[in-house]
Amino acid sequence: MNNFRDESFRAIRVEEVAVGKFDQLLVERQVCDLPDNPLLLAVSHSSLNFKDAMSAFGNRSITREYPHTPGIDAVGKVLEDHSGTYKPGTELLVTGYDLGMNTPGGLAEMIAIPPKWALPLPQGLTARESMTLGTAGLTAALCVEKLLESGAVPEDGEVLVTGATGGVGSIAVALLAKLGFRVAAVTGKLEAADFLTNLGAWKVLDRDTLAPFASKSMAKPLWAWAIDTVGGETLFNVIKSLAYGGGVAACGMASGAQFHANVFPFILRGISLLGVDSVELPIEKRARFGSGFRGIGISVISSAGSLKIFLWSRRRSFLLVFIGGMELAVTW
């Protein structure tokens, strides 16, 4: 019987080298240093998310203690499971919960987690495809589901998607287009218009389109439904401009966690604000998603062997380097 606890593995390690200064390093770690959780996985693929960047730059609202390994997504094979839930060699998918926040995450070759955080890799998805989608894909699917549960149909009119070139936004554009909706994709990167059109966007709008609504209690009804991935004042500008009976699925805070609001869109147009969370989503609900993603035309930027990835943050950019072994799918 293998004693994996004596083995070493490579991981990205974020260390506070001075007060408020954090470095991201590629280090060797021992399996025995991981949390004493029953399920040990050999990670084959991971992904990069905005939350990983926040953790990597020392945001203590995400990660309380350092040194730390980010990575809220991972897929890999079971090495051992002392709970008896999974057999060695089973390929499992892990997204959300505490992975990569305060539990060492998927930007490593091994993770140790509770079995209730994992589920078998959905049939029809490869490990690589699952991390091309990752938390972003799950969140996008949950947003689309919220709209459909609220009664959204293509005949209602346009669906607005903010942050459309981001991980959640781009996948949401593709999913909505595949379902027959006319998607108005909002972005601050108009040079990516062809990318969004190829995903199925009906039109591409500059994010400044929403700015004039900031001074108004309500705006002209322009869109039937919306998915907002950025939060802040953008979210309420979207709410102001929805048609009667519409709603917005809200899942992000890249532009801020707060916004100024009034009751008029809710009591005069019956607008719904639909919250979406993928972190604590029960595992049985996660299992419903998977095969529906196939064929939506999302490409991934990745390579095997030596891999260099620049991940942008509002504060600065940083470089992650993996040499050999694991392949990372980039989500931005």
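Predicted model: local features only at pLDDT ≥ 70, side-chain atom pairs only at ≥ 80, totals over all residues.
Helix α6, residues 264-268, supplies the largest share of a nonpolar surface patch, namely four residues. The patch covers about 540 Å² and is made by V263, F264, F266, I267, L268 and L273. Let me take F264 as an example: this residue lies in helix α6, and its relative accessibility of 36% falls between the limits of 20% and 50%, so F264 counts as partly exposed. F266, another member of the patch, also belongs to an aromatic cluster, together with F236 and F259.

That brings me to the aromatic residues. How many aromatic pairs does a search of the whole structure find? There are four. In one of them, Y97 and W117, the ring centres are 6.1 Å apart and the planes stand at 10 degrees, so this pair is stacked. Y97 belongs to the loop between β5 (91-95) and β6 (110-113), while W117 belongs to the loop between β6 and β7 (118-120), so the pair ties together parts that are 20 residues apart in sequence. Both residues are covered: Y97 is buried, with a relative accessible area of 11%, and W117 counts as buried at 12%.

Y97 has a further contact to show. The charged end of R286 sits over the ring of Y97, 4.2 Å from its centre.

The C-alpha atom of A11 is separated by 5.6 Å from that of V27, a residue 16 positions away along the chain.

Side chains of opposite charge can pair when their charged atoms come close. The count in this model comes to four salt bridges, and I shall describe three of them.

In one, R60 pairs with E16, and the closest N and O atoms are 2.5 Å apart. R60 lies in the loop between α1 (50-56) and β4 (73-81), and E16 in strand β1, so the bridge ties together parts that are 44 residues apart in sequence. R60 is partly exposed, at 39%, and E16 is partly exposed too, at 35%.

Another joins E158 to K203, with the closest N and O atoms 3.3 Å apart. Here E158 lies in the loop between α2 and β8, and K203 in strand β10, residues 203-206, so the pair ties together parts that are 45 residues apart in sequence.

Lastly, D23 forms a salt bridge with K21, the closest N and O atoms being 3.2 Å apart. D23 counts as partly exposed at 26% relative accessibility, and K21 counts as partly exposed at 43%.

How values were computed
Residues numbered from 1 in each chain as written. Heavy atoms only, no water. Patch = residues over 30% accessible without salt bridge, like charges linked within 9 Å, V, L, I, M, F, W, Y side chains within 5 Å. Areas by Shrake-Rupley, 256 points an atom, 1.4 Å probe, with all protein chains shown as cover. Salt bridge = Lys/Arg side-chain N within 4 Å of Asp/Glu carboxyl O. Helix = DSSP H or I, 4+ residues; strand = E, 2+ residues; numbered from the N terminus. Buried < 20%, exposed > 50% of the residue type's maximum accessible area, 1.4 Å probe, protein only. Phe/Tyr/Trp six-rings, centres within 6.5 Å; stacked < 30°, edge-to-face > 60°. Lys NZ or Arg CZ within 6 Å of the ring centre and 35° of its normal.
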